[in-house]
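This report describes how two parts of one chain meet. The sequence and structure come first, and the account of the contact follows.

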2 protein chains.
Amino acid sequence: MTFLRQPTKAGVRDAAAKVAAILPPSPLIVHRVGAVDVAFKAESLQPVGAFKLRGAWHRLTAIAPEDRAKGVVAFSSGNHAQGVAWAARRLGMPATIVMPSDAPRVKLEATMALGAEVVRYDRATESREKIAAHLAHARGATLVPSFDDPWIIEGQGSAGIEAARQMEQMELGAPRQVVVPCGGGGLAAGIALALPDAQIMVVEPEGWDDMRRSLEAGWIEPVSDGAPPTACDSLQTMRVAERTFDVLSRRGAIGVAVTESEVREAQRWAAARLRLVLEPGGAVALAALLSRRVEPEQGTLAILSGGNTDIERFGDVLAERSGADLSATVG
Amino acid sequence: MTFLRQPTKAGVRDAAAKVAAILPPSPLIVHRVGAVDVAFKAESLQPVGAFKLRGAWHRLTAIAPEDRAKGVVAFSSGNHAQGVAWAARRLGMPATIVMPSDAPRVKLEATMALGAEVVRYDRATESREKIAAHLAHARGATLVPSFDDPWIIEGQGSAGIEAARQMEQMELGAPRQVVVPCGGGGLAAGIALALPDAQIMVVEPEGWDDMRRSLEAGWIEPVSDGAPPTACDSLQTMRVAERTFDVLSRRGAIGVAVTESEVREAQRWAAARLRLVLEPGGAVALAALLSRRVEPEQGTLAILSGGNTDIERFGDVLAERSGADLSATVG
């Protein structure tokens, strides 16, 4: 039984201190977009290739010592799975992850390699929520949601605290605009709490831009039936949470949607200019800036949220010739 | 007129302090290879995509104030060109770079984007040394060699000081074995000076392993006529220098050669597991470890020296299916 708890800025600061104690800051790479220097936070270079270990670490370390041996259960198509498995292994806790059978192979295998038990389900016919709840109940394990949880939101927000500190050290000033990928909104809400003075721009793939529509409507609107296919597997959330929506809505966050081809262009740009491998969902904030759906301005921080992608598929994206000039240049 | 000057460990320390004043440390990424954790120094994430700005910065800042306005001249197939252009721009000095017409487009364009004047020559019929010497003489500019220079060697060595500090902070202990790509040997010699207690393993592409043969012979042996083609454009040096050879020879450095397919396998491994884009020459140290031509052992530091590669070509390398299991895992 968890008491009703809201994510807070103090919680984000606490999470940032806990994360800093076990992980070096992820690199902040500065590169020019148009006429301004943009700060890119390379969460793709985290040990699990995504920011998700932040929230997982903050959540799992909050589990009472007497409950740890019973382990944790999570459901995820990939990156949250690896974040939870990584944190659980580090704490010596058993982890069970419910993953869709069609999750990228690279994410399934990486989760197993971290010592987690993986239970697969069929996205079309089974409910991952039910499977996970059943497993957690049967084992007395703690269920760890991927975004609808105060600790998870606070933990992800630690990326914002860290980036602001790095921007200050690099004499770039405070972040004034943060461009952040959005699935369920955990990362975006955490960063909104972390950086109360910045304009938050959340980015989703076209057709999966339910946070954008929800922010415009003023209430939660789920993804429509028959949403188009997207390569952004990590951002395919059918419905955001009250918790994440509330935080972002109160902060006046603005949503934008990017196309699949803009995402591929961003993956190519990141490979050529930042020398980074980004998964499609990890490249949407960059896609928004390159397409000028978000105007790059002084003090812009963009989160490159993950880099877990099957490399043959990534190779195909790179080999596809681009219309734009992709010659590498420096900031 | 330059007095005869030998590169020293004190010079490397001085270079490291100068570099630290203008650049954050490049990321040190830890990942398991076989049964041990290897520390990878991601010089590919430097602003010019390679370690070369270290030596260039140390060299250019040593030019007397009254000579700065006359500028610098360098010859290079790419990464040294960008390093010199970057340092010159930062110091407000004019830079002229002599580059082969067949240098990777990405490197030619990046050098021009940094504001340098690029003079192209034909590798087969013209002498870049003569062209550069003529230009330097005509303009009173300082010639900046790519490896046969004490400041350049010391500057590149700053990567070793930085990596050792990071390994200590991450509680990995001191580097005991350093695996380093070798063209003319500037980086390897600098690191040998920086880390006097580590075994230095220099890695070259097969057929271009003249440093290996020289170290075994005890005198300098150039690359043979008719050396095979290699994708490692940054390591195609016909002859190492007395300066670099002497340092490495005295330190008992050992050379190994890797095949072209081992290099491509290393590029795929780095993309899948480290989420990094590496150019072929930047991946040879990793290739030596993955192929077990160098045995990974506790305290191994491997330099990932550069990431400047035409991305369509890189995409082809990734799309080529590998025999090995390339699923992403974590350390």
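Predicted model: local features only at pLDDT ≥ 70, side-chain atom pairs only at ≥ 80, totals over all residues.

On the side of domain 1 of chain A that touches domain 2 of chain A, α1 (9-22) and α7 (150-169) of chain A each contribute at least two residues. The most comes from α7(A), which gives 8 residues to that side of domain 1 of chain A. Sorted by class, the residues on this side are 11 nonpolar, 10 polar and 9 charged.

## Salt bridges

Between domain 1 of chain A and domain 2 of chain A there are 4 salt bridges. A salt bridge also joins the side chains of K107(A) and E279(A), with 2.9 Å from N to O.

## Domain layout

Domain 1 of chain A is made up of 9-51 + 150-326, while domain 2 covers 53-144. Taken over C-alpha atoms, the centres of domain 1 of chain A and domain 2 of chain A lie 23 Å apart. Domain 1 of chain A puts 30 residues into the contact, and domain 2 of chain A puts in 23 residues.

## Buried area

Together, domain 1 of chain A and domain 2 of chain A bury about 2,200 Å² between them, with 57% of it on carbon and sulfur atoms. Of the area that domain 1 of chain A buries against domain 2 of chain A, 29% is supplied by I22(A), V48(A) and W151(A), more than by any other three residues.

Terms used. Residues numbered from 1 in each chain as written. Chains lettered and ligands numbered in written order. Heavy atoms only, no water. Domains from an automatic or database assignment. Contact = heavy atoms within 4.5 Å. Buried area = accessible area lost by both parts, 1.4 Å probe. Helix = DSSP H or I, 4+ residues; strand = E, 2+ residues; numbered from the N terminus. Nonpolar A, V, L, I, M, F, W, Y, C, P; charged D, E, K, R; others polar.
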